[in-house]
Amino acid sequence: MARLLAAAGFSEICCTPHRIRGVWDNSAAVVRTATAALQAELELAGIPLTLYPAAEYYLDEFLPEALDDPLPLPGNMLLVELPTTCDSHLAQRIMAKIVLRGLIPMIAHPERCHLLEPVAAQAPGTGLLRKLFGTNNKSPDTGRQSPLLQCLEELGCQFQGNLGSLLGHYGARVRQNALNLQSAGWYSHWGSDAHNVGQLTAVLHGSL
């Protein structure tokens with residue numbers, strides 16, 4: 001993966017392994033040690049990449065504990081993954097705690113979180129027959145932004161899209177969400193979400 005990235009013109013890489021309690025228990029110390037070891041291997045191999053230790057934090061009740069020794073991205077941003085279906089109130093509370101610690105929450109792949117999808121515009125009429133038999137011609141780009149998305153923006157969050165989402169790697173719905181968010185100007189950063197050589201090759205070459 002490092003050789004592919006260097007060949008593609010990248011010179012600095014943020015390593016963001018998952019941090020999920022009970023699944024990937026990557027402590028800050030473990031990530032820093034592993035990143036330093038990999039950096040040494042790259043230098044021995046003559047691969048011109050500078051690595052930064054970071055992490056993709058899973059938003060759950062354990063995340064506040066990790067803020068005592070965080071692994072932010074450059075720019076003091078903390079990469080946070082919201083569950084596909086997450087609790088809106090929990091998300092707001094934890095993001096506020098991150099901000100109070102002087103960090104900027106960076107929401108990873110918002111296009112893959114249902115609560116961040118646009119709220120579709122309602123068709124005229126609310127009668128029972130329309131509810132039962134009316135045609136559903138809602139379109140994501142005709143509705144308003146989700147309340148949670150707006151709240152996260154007000155808290156100062158940034159949003160990172162996955163390049164694979166635009167390429168359709170996660171399905172048509174996610175791709176459309178990504179296109180909607182991109183056209184509305186929500187993304188400030190992009191990530192590869194590459195976990196292996198195959199995924200990285202697909203992203204770099206823009207293949208489906």
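Buried means under 20% relative accessible area, exposed means over 50%, and partly exposed is anything in between (1.4 Å probe, protein chains only). Keep that handy and select Cys113: at 1% relative accessibility, Cys113 counts as buried.

A word on what you have open: this is a predicted model, where local features need pLDDT of at least 70, side-chain atom pairs count only at pLDDT 80 or more, and totals for chains, interfaces and linings use all residues. Residues are numbered from 1 along each chain as its sequence is written, and side-chain values use heavy atoms, with hydrogens and water left out.

**Stop one: cysteines.** The structure has zero disulfides (pairs of cysteine sulfur atoms within 2.5 Å). Click on Cys15, which is in no disulfide; its nearest cysteine sulfur belongs to Cys14, 7.7 Å away.

**Stop two: aromatic pairs.** Searching the whole structure turns up two aromatic pairs. Rings of Phe, Tyr and Trp (its six-membered ring) pair if their centres lie within 6.5 Å; planes under 30 degrees apart count as stacked, over 60 as edge-to-face and the rest as tilted. Select Phe159 and Trp186: the ring centres are 5.5 Å apart and the planes sit at 85°, so this pair is edge-to-face. The pair links distant parts of the chain, 27 residues apart, with Phe159 in strand E7 (residues 158-162) and Trp186 in the loop between helix H8 (172-183) and strand E8 (189-191). Helices (H or I, at least four residues) and strands (E, at least two) are DSSP runs, numbered from the N terminus. Phe159 and Trp186 are both buried.

Now pick Tyr187 and Trp190, a tilted aromatic pair with 4.5 Å from centre to centre and 50° between the planes. Tyr187 is buried, at 13% relative accessible area, while Trp190 is partly exposed, at 33%.

**Stop three: charges over rings.** Here the test is NZ of Lys or CZ of Arg within 6 Å of the ring centre and within 35 degrees of the ring normal. Show Arg21, which lies over the face of Phe62 at 4.2 Å from the ring centre. Then show Arg112, lying over the face of Tyr170 at 4.3 Å from the ring centre.

Which residues are closest to the centre of the largest pocket? Select Ile13, Cys14, Cys15, Thr16 and Ser192, the closest of the 42 residues that line it. A pocket is an open set of points on a 1 Å grid over the protein atoms alone, where a 1.4 Å probe fits, with protein on both sides within 12 Å along at least five of seven lines; lining residues have an atom within 4 Å of a point. Finally, colour helix H2 (residues 28-45), which gives the largest share of this lining, six residues.
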